Amino acid sequence: SGAGSSPRLSPPGPERTLRSVPGMAAADPRPEEFVYGEEDFVLQAGGWGDTPGSALSRFDRALLDGWSDRMERGFFRYRLGPLPTRLLPGPMRLVAQLNVQRGTERRPPQEVRSLRQPFDPRAFNFTRIRPGEVLLRLRRAGGGPAAPEPLLVAINASPLERGHVLLLPEPARALPQALSAPPLQAALEAVLLSAHPGFRVGFNGLGGYASVNHLHLHGFYLEQPLLVEAAPAQPLGPQHGLGLLRDVPAPAFLFYAAGPAALEALARDVCRAAEHLADTGLACNLFATRGDPPEGPVAGGGRGLRVLLWGRRPRFGAKAGAAFTVALCELAGYLPLPSAALYRDMSEAEALRALREELLPEPQLLRLGRDLARLLAG
């Protein structure tokens with residue numbers, strides 16, 4: 001995929017023949033058993049130029065074809081058309097997007113009361129999704145001790161954007177919404193399976209506006225670059241490449257992998273950091289995207305994978321009077337807004353005030369950074 005051209009999310013091609021996963025009813029649309037190897041990783045995705053660009057990857061086509069098929073079949077809560085999108089004036093380059101239906105039609109979030117809330121089989125969980133909502137079973141070829149665990153790629157029935165999916169470890173394991181390294185590694189590998197620079201992955205923890213207490217990550221496409229992908233980081237831990245992104249909409253801890261070989265160790269480090277946050281009474285959100293090395297853009301240099309981790313005071317229940325919910329997308333600088341008035345009138349200053357109400361004071365953030373650097377160096 002050549003830099004300077006951006007692969008567009010063009011309309012789906014002809015219907016594919018999908019192989020079935022055992023146990024699916026014959027009448028259901030059948031998910032594809034998607035087996036990938038290192039040769040499927042797209043080391044340098046397309047750029048953000050205006051020229052309609054290079055082909056999407058095998059993974060992109062499988063995901064988007066299946067997603068469009070399920071939209072045509074009526075598996076979603078609403079039909080998603082083109083969404084009005086604008087950049088808010090200002091240095092943070094915040095991306096505002098109007099999505100009224102997600103605000104009104106999505107399933108109400110579950111009540112969360114603690115950071116360590118156990119899985120509750122009586123509440124909605126992903127064992128209850130219809131079989132046809134599953135698009136792919138994602139599995140690395142060959143297995144072996146370094147291979148991540150398989151993931152199911154299922155539609156998010158209340159989508160943010162075209163291609164918005166859930167990345168699920170085997171739902172029958174009944175895992176609560178707490179990060180663990182094998183599914184995180186698999187989700188990070190999914191980013192590298194996409195040839196599109198705007199395919200991102202994220203996680204909302206309990207107390208960080210997770211809406212279902214059953215382990216899942218989000219994957220979605222957004223046709224806009226974000227400041228967090230290029231902003232330079234202040235180094236915190238020389239041994240592990242931990243950094244602090246400060247000049248971004250919501251200051252975050254930055255982990256970086258130059259390529260696929262580093263993802264297993266990176267996933268372990270991120271999960272150790274997230275566990276430390278929970279131990280200190282903090283909720284977390286995570287955002288993974290292609291981006292520049294921690295020092296920022298390098299002349300002639302390639303991009304790797306940036307993983308941003310936020311620690312925050314936990315929020316349990318809806319916040320009265322909030323203009324929008326501050327979860328992984330908003331922290332990264334992408335604002336899905338539920339009303340035309342908000343979309344029309346929102347300024348960068350207003351958005352930043354809403355974001356920063358959720359964040360730690362700078363002295364606490366810096367202390368936490370020093371603690372994480374010591375933890376990861378141990």
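**Reading salt bridges and nonpolar cores**

User: Which side chain meets that of arginine 116 in a salt bridge, and at what N to O distance?

Analyst: Side chains of opposite charge can pair when their charged atoms come close. The cut-off for a salt bridge is a side-chain nitrogen of Lys or Arg within 4 Å of a carboxyl oxygen of Asp or Glu. Here arginine 116 meets aspartate 279, at 2.5 Å from N to O. This pair links distant parts of the chain, 163 residues apart: arginine 116 lies in the loop between α2 (100–105) and β6 (134–140), and aspartate 279 in helix α4 (residues 263–279). Helices (H or I, at least four residues) and strands (E, at least two) are DSSP runs numbered from the N terminus.

User: What do the numbers rest on?

Analyst: The model is predicted, so local features need pLDDT of at least 70 and side-chain atom pairs pLDDT 80 or more, while totals for chains, interfaces and linings use all residues. Residues are numbered from 1 along each chain as its sequence is written, and side-chain values use heavy atoms, with hydrogens and water left out.

User: Are arginine 116 and aspartate 279 buried, partly exposed or exposed?

Analyst: Buried means under 20% relative accessible area, exposed over 50%, and partly exposed in between (1.4 Å probe, protein chains only). Arginine 116 is partly exposed because its relative accessibility is 46%. Aspartate 279, at 54%, is exposed.

User: Which residue forms a salt bridge with glutamate 149?

Analyst: Arginine 173 does, with the closest N and O atoms 2.7 Å apart. The two are 24 residues apart, glutamate 149 in the loop between β6 and β7 (151–155) and arginine 173 in the loop between β8 (165–168) and α3. Glutamate 149 has 18% relative accessibility and therefore counts as buried, whereas arginine 173, at 45%, is partly exposed.

User: How many salt bridges does the structure hold?

Analyst: The structure holds 20. One of them joins the side chains of aspartate 345 and arginine 344 at 3.0 Å, N to O. Salt bridges with shared partners also join Glu33, Arg137 and Arg139 into one network.

User: How should I read the largest nonpolar core, and which members touch the most others?

Analyst: A nonpolar core is a set of buried Ala, Val, Leu, Ile, Met, Phe, Trp, Tyr and Cys residues joined through side-chain atoms within 4.5 Å. The largest has 65 residues, and Phe59, Leu63, Leu138, Leu179, Leu184 and Phe255 touch the most other members. Helix α3 (residues 181–193) gives the largest share, 9 residues. A second, separate core of 38 residues includes Val326, Cys329, Ala332 and Leu355.
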